[in-house]
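Subject: Structure for your review

Dear colleague,

Please find below the structure that I would like to hand over to you. My notes on what was found in it follow directly after.

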Amino acid sequence: MKLKLKTVFVLYFMVSLMGLVYALMQLGQRCDCTEHDLPKDRTISRLRGELHRLQEQIRKSEATKQPQKQPAKPSQPTIFVITPTYARLVQKAELTRLSQTFLHVPQLHWIVVEDSPHKTPLVSDLLVKSGLAYTHLHMPTAKDRKLQEGDPSWLKPRGVEQRNEGLRWLREDRRAQPGGDTQQGVVYFADDDNTYSLQIFEEMRDTMRVSVWPVGLVGGMKYERPVVEGGKVIRFHTGWRPSRPFPMDMAGFAVSLKLVLANPESCFDGEAPMGFLESSFLQGLVTMDELEPKADDCSKVLVWHTRTEKPKMKREEALQAQGLGSDPAVQV
Amino acid sequence: MPKRRDILAIVLIVLPWTLLITVWHQSAIAPLLAIRKACHHLVKEIFIIPERLAVRHHRLSDDGVEGKRESGGPAQDSKEYCASDKDIVEVVRTEYVYTRPPPWSDVLPTIHIITPTYSRPVQKAELTRLANTFLHVPNLHWILVEDSQRRTPLVTRLLRETGLNYTHLNVETPRNYKLRGDTRDPRIPRGTMQRNLALRWLRETFNANSSQAGIVYFADDDNTYSLELFEEMRTTRKVSVWPVAFVGGLRYESPKVNAAGKVYGWKTVFDPHRPFAIDMAGFAINLRLILFKPQAYFKLRGVKGGYQESSLLRELVTLNDLEPKAANCTKILVWHTRTEKPVLVNEGKKGFTDPNVEI
């Protein structure tokens, strides 16, 4: 086919004309985009101004700051917090406020173990949004070991399988890390309804074997605590079964990672009689005189065994019976 | 067989267009990308947590001072940075990581949180975890009002140690208004006098003409608040509302929002015909509105159960003025949790534990 120059030019003109029109339309749209960009630019310049101001302040304060008492620690031991959790109305609220506390603690790794046959999206989403370093596990409790509706909370031990699963994961994960037994870390069992002050995490960070401290609002008393004399724990001040080997609450002790790894068989015994859960774990790890007392020789309460009321759902249940219950898509 | 001249012609046609298209695409996308990257970078730089860096609002001339008011420049000068080393550790998986509490910003409206509290065994625990939540919120001013004759050392010490920007007040509810023991008598609303005192303090401290932007929120000490809630309420112009979980015997109570984004009713079972069928934790008020209507307080006497919130709100806004938040009132950002009363049977009559140890 022979291409005449004239046809080429005509073709070119048509195509360029169409292209020009199209580009002009696109150009019009682009104008809108730049209008939206202006406020973004303004925000950026404002933020930049704030940033420079804050940096100036940091530089100013550091010039006048007192010399530090402690030398800089190259890296802090990580606190591994194992939290068993289970689905109920207040679960999201409990985990939310727990994550808000943990977010203040540096070098903390949250191991959440759900009592469920699979990971639930509620917990998954919460963990992702929390901003924490976490591990999400799940381990269902066997039916006969589970508390039924209406059972008092002390009837069966709770969280046993979940804590053991947390320990198992930790051991497996740490074995794969370089450094093996010389790894520094602390393991703490934190239930999702307790209240933790930020100081308790700093107290437990330098645990060599097992450290202990008082726990508030537990054992039917204002607080339970180890009694310390000469820097050693000689007995436990508790109103309920003080003859247990370790009459403490789960929130009252932390174990060093080294000890957990060195004793791969030690875990919580679900068959232990009521109140002996902690002892079943600690017995194989440490003796009473090896315990390290924290919190000012166990004289300050830095963690409280709070419990959250079950919300009253009378009206909700009545509505659901009529088929008018609240939208289940709205996550509570 | 295409002649060389034809090929040249075709190339001459196609080449400028390909050039134009590629250049045009680049220039359209590049500014947007640059802006996004700059934003991310700035956000990361502003909110990074150095190791051991703690920002504390220290009042240099401390003891006995009632509290600290926020005021841009001087407040920041009194901050003390206790950094032991310059290592900056960026927490993994986070875009926003806070120093404790976050640095004061000149652009964000202040959130004034009014919390009434009273002495009981779980008080310190409740205030501790509440403080842990508040330490994440920038430009927060906590007004804690005790139901007591004098400001207790427990609360004084706790407030000081948190490092938050706070004001510590107290007023004792007279005996005939107080709840007796455990009986939940809905005719006597708890915390009313304390909240009113806080409102009065706000009116005495801020004058209506000042440009200080502020939001007032009533936060009880046993509820649970997500951090998102505080950012939602920051844009309140008059009164904003949102759903609250675990109130009214339901999974949640929420305002009814129509397609135009206006509140037209209340999705509750308990007396949905109240003027404002909402829980104390379900609304926030712009400070300007509080200052413009200095007569608006919570009604103390003769208030039916569940009408306390209405007694204040009806003097401030109409239903039409309410601003629905939390995705048009479809997300739960606050839970009306209640803490069990701890069983203290083993204390016995004389008390088993050392009363000097504070719990």
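A salt bridge is counted when a side-chain nitrogen of Lys or Arg lies within 4 Å of a carboxyl oxygen of Asp or Glu. Please keep in mind throughout that this is a predicted model.

Salt bridges

Across all chains, the search of the whole structure gives 20 salt bridges. In one of them A:R88 pairs with A:D192, and their closest N and O atoms are 2.9 Å apart. A:R88 belongs to the loop between strand 1 (78-85) and helix 2 (91-102) of chain A, while A:D192 belongs to the loop between strand 4 (185-189) and strand 5 (195-196) of that chain, so this pair ties together parts that are 104 residues apart in sequence. A:R88 is partly exposed, with a relative accessible area of 22%, whereas A:D192 is buried at 5%.

Another salt bridge joins A:E172 to A:R168, with 2.6 Å between the closest N and O atoms. These two residues are separated by about one helical turn because they are four residues apart in helix 4 (residues 160-175) of chain A. A:R168 has a relative accessible area of 37% and is therefore partly exposed. Together with A:E165, the residues A:R168 and A:E172 are linked in a network of salt bridges.

In chain B, the side chains of B:K238 and B:D321 form a salt bridge at 3.6 Å, N to O. B:K238 lies in the loop between helix 6 (227-233) and strand 10 (239-241) of chain B, and B:D321 in the loop between helix 8 (308-313) and strand 15 (322-324) of chain B, so the pair ties together parts that are 83 residues apart in sequence. B:K238 is partly exposed at 35% relative accessibility, and B:D321 is partly exposed at 27%.

The two chains

Chain A contains nine helices and twelve strands. It has 332 residues, of which 48% count as buried. Chain B contains nine helices and 16 strands. Of its 359 residues, 51% are buried. Chain B exposes about 17,600 Å², with carbon and sulfur atoms supplying 56%.

Strand 5 of chain B

How many of the residues in strand 5 (residues 110-117) of chain B are buried? Eight of the eight are, so this strand is largely enclosed by the rest of the structure. B:T110, B:H112, B:I114 and B:P116 point one way from the strand, B:I111, B:I113, B:T115 and B:T117 point the other way, and all are buried.

Strand 5 of chain B runs parallel to strand 8 of chain B, and five bridges join them. Within strand 8 of chain B, B:F218 stands opposite B:I114. Strand 5 of chain B also pairs in the parallel sense with strand 6 (residues 140-146) of chain B, over seven bridges. Here B:T117 stands opposite B:E146.

Annotated binding-site positions

An unreviewed UniProt entry places the feature "binding site" at several positions in chain B, among them B:P116, B:T117, B:R190, B:D222 and B:R338. B:D222 lies in the loop between strand 8 (214-218) and strand 9 (224-225) of chain B. With a relative accessible area of 16%, B:D222 is buried, because the cut-off for buried is under 20%. Leaving aside residues up to four places away in sequence, B:D222 touches A:R97, B:E126, B:T337, B:R338 and B:T339.

B:R190 is found in the loop between strand 7 (166-170) and helix 5 (192-205) of chain B, and B:R190 is partly exposed at 43%. B:R338 lies in the segment after strand 16 (334-335) of chain B and is partly exposed at 27% relative accessibility.

Two further sites

A:L319 is located in helix 9 (residues 314-321) of chain A and is buried at 18% relative accessibility. Apart from its neighbours within four places in sequence, A:L319 is in contact with A:L324, A:G325, B:L250 and B:V269.

Yours sincerely,
A colleague

Key: Residues are numbered from 1 along each chain as its sequence is written. Chains are lettered from A and ligands numbered from 1 in the order in which they are written. This is a predicted model: local features need pLDDT of at least 70, side-chain atom pairs count only at pLDDT 80 or more; totals for chains, interfaces and linings use all residues. Side-chain values use heavy atoms; hydrogens and water are left out. Buried means under 20% relative accessible area, exposed over 50%, partly exposed in between (1.4 Å probe, protein chains only). Contact means heavy atoms within 4.5 Å. Accessible areas come from the Shrake-Rupley method with a 1.4 Å probe; for residues, only the protein chains shown count as cover. Two strands pair if DSSP finds at least two bridges between them. UniProt positions are given in the numbering used here, feature names are shortened, and annotations may be inferred rather than shown by experiment.
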